[in-house]
Amino acid sequence: MSEVGFDPVRIGIVSISDRASSGTYEDKGLPALKDWLGRALKNPLEFEARLIPDETARISATLIELVDAGCSLVLTTGGTGPALRDVTPEATLAVAHKEMPGFGEQMRQISLRFVPTAILSRQVAVIRDQSLIINLPGQPKSIAETLEGLKDADGTQLVPGIFAAVPYCIDLIGGPYLETDDTVCKAFRPKSAVRAAR
């Protein structure tokens, strides 16, 4: 739930799927991303949503377009497996200025708690200009798990989700100050980087 006084944030969300983009089946990636981000962030959010096919050049062009449009964060869903049409990581790396391998490593660690086939996932994260771009899994349940991490029945964090590191990363590349709802996902920042409560 966004609150007054927090930095406004523009976020790019991209669902990559031949079948969903052609209307063969309903896209569930974009609604899942909007829902989770709307719960996790207190900032006023503006979404730039795209639904596109699994085509390398189209994906790369879309990522560049969103970064150029001022999106501090761009999240993609879909196209990260080993199938012939899965080209999201290649298209993402093609537009990178810096690679951030820790995000993909942690996503696979989280998913391995559920399925051994998580080792087939090839998600990457990169920085382009002042934007962080992260490839997420294709299923809404997996999207939430990788962003939020794993908690026990009492709500104690067992495995940190990747989003805990996103706000500080965006701080470091000159983006807006992201404020998270700790009940969904608590952002981690060094004490020196924490903005005083207003």
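**Figure 1. Salt bridge between D7 and R195.** The side chains of D7 and R195 form a salt bridge with an N to O distance of 3.4 Å. D7 is in the segment before β1 (9-16) and R195 in the segment after α7 (166-172), so this pair ties together parts that are 188 residues apart in sequence. A salt bridge here is a side-chain nitrogen of Lys or Arg within 4 Å of a carboxyl oxygen of Asp or Glu. D7 is partly exposed at a relative accessible area of 22%, and R195 is partly exposed at 35%. Buried stands for under 20% relative accessible area, exposed for over 50%, and partly exposed for values in between (1.4 Å probe, protein chains only). The model is predicted: local features need pLDDT of at least 70, side-chain atom pairs count only at pLDDT 80 or more, and totals for chains, interfaces and linings use all residues. Residues are numbered from 1 along each chain as its sequence is written, and side-chain values use heavy atoms, with hydrogens and water left out.

**Figure 2. Overview of the protein chain.** The secondary structure of the chain consists of seven helices and eight strands. Its radius of gyration is 16 Å, close to the 16 Å that the globule rule gives for 198 residues, so the chain is as compact as a globular protein of that length. The radius is taken over C-alpha atoms, and the globule rule is 2.2 Å times the number of residues to the power 0.38. Helices (H or I, at least four residues) and strands (E, at least two) are DSSP runs, numbered from the N terminus. Along the principal axes, the C-alpha atoms fill a box of roughly 50 × 40 × 30 Å. Of the 198 residues, 47% count as buried. The accessible surface comes to about 9700 Å², with 55% of it belonging to carbon and sulfur atoms. Accessible areas come from the Shrake-Rupley method with a 1.4 Å probe; for residues, only the protein chains shown count as cover. Among contacts (heavy atoms within 4.5 Å) between residues at least 6 apart in sequence, 70% join residues at least 24 apart.

**Figure 3. Salt bridge between D171 and R189.** The closest N and O atoms of D171 and R189 are 2.6 Å apart in this salt bridge. D171 belongs to helix α7 and R189 to the segment after α7, so the pair ties together parts that are 18 residues apart in sequence. D171 is partly exposed, with a relative accessible area of 22%, whereas R189 counts as buried at 10% relative accessibility.

Figure 4. In helix α2 (residues 29-40), R39 and D35 are four residues apart, a separation of about one helical turn. Their side chains meet in a salt bridge of 3.3 Å, N to O. R39 is partly exposed at 36% relative accessibility, and D35 is partly exposed with a relative accessible area of 44%. Elsewhere, E48, R50 and E65 are linked in a network of salt bridges. The structure holds 10 salt bridges.

**Figure 5. Strand β5 and its partners.** Strand β5 (residues 125-128) is covered on both faces: A125 and I127 on one side, and V126 and R128 on the other, are all buried. Strand β4 (residues 98-99) is joined to β5 by two bridges, and these strands run antiparallel. In this pairing K98 stands opposite I127. β5 also pairs with strand β6 (residues 131-136), in the antiparallel sense and over four bridges. There A125 stands opposite I134. Two strands pair if DSSP finds at least two bridges between them. The hairpin of β5 and β6 has two residues between the strands, and D129 takes a positive phi near 55 degrees.

**Figure 6. Surroundings of I173.** I173 lies in the segment after α7 and counts as buried, at 16% relative accessibility. Leaving aside residues up to four places away in sequence, I173 touches I127, Q130, S131 and L132. The C-alpha atoms of I173 and R128 are separated by 9.6 Å, although these residues are 45 apart along the chain.

**Figure 7. Nonpolar surface patch.** L112, I119 and L120 form a nonpolar patch on the surface, together having about 280 Å² of accessible area. Patches are made of residues with over 30% relative accessible area and no salt bridge; like charges are joined within 9 Å, and nonpolar side chains (Val, Leu, Ile, Met, Phe, Trp, Tyr) within 5 Å. L112 is found in helix α5 (residues 101-112) and is partly exposed, with a relative accessible area of 34%.
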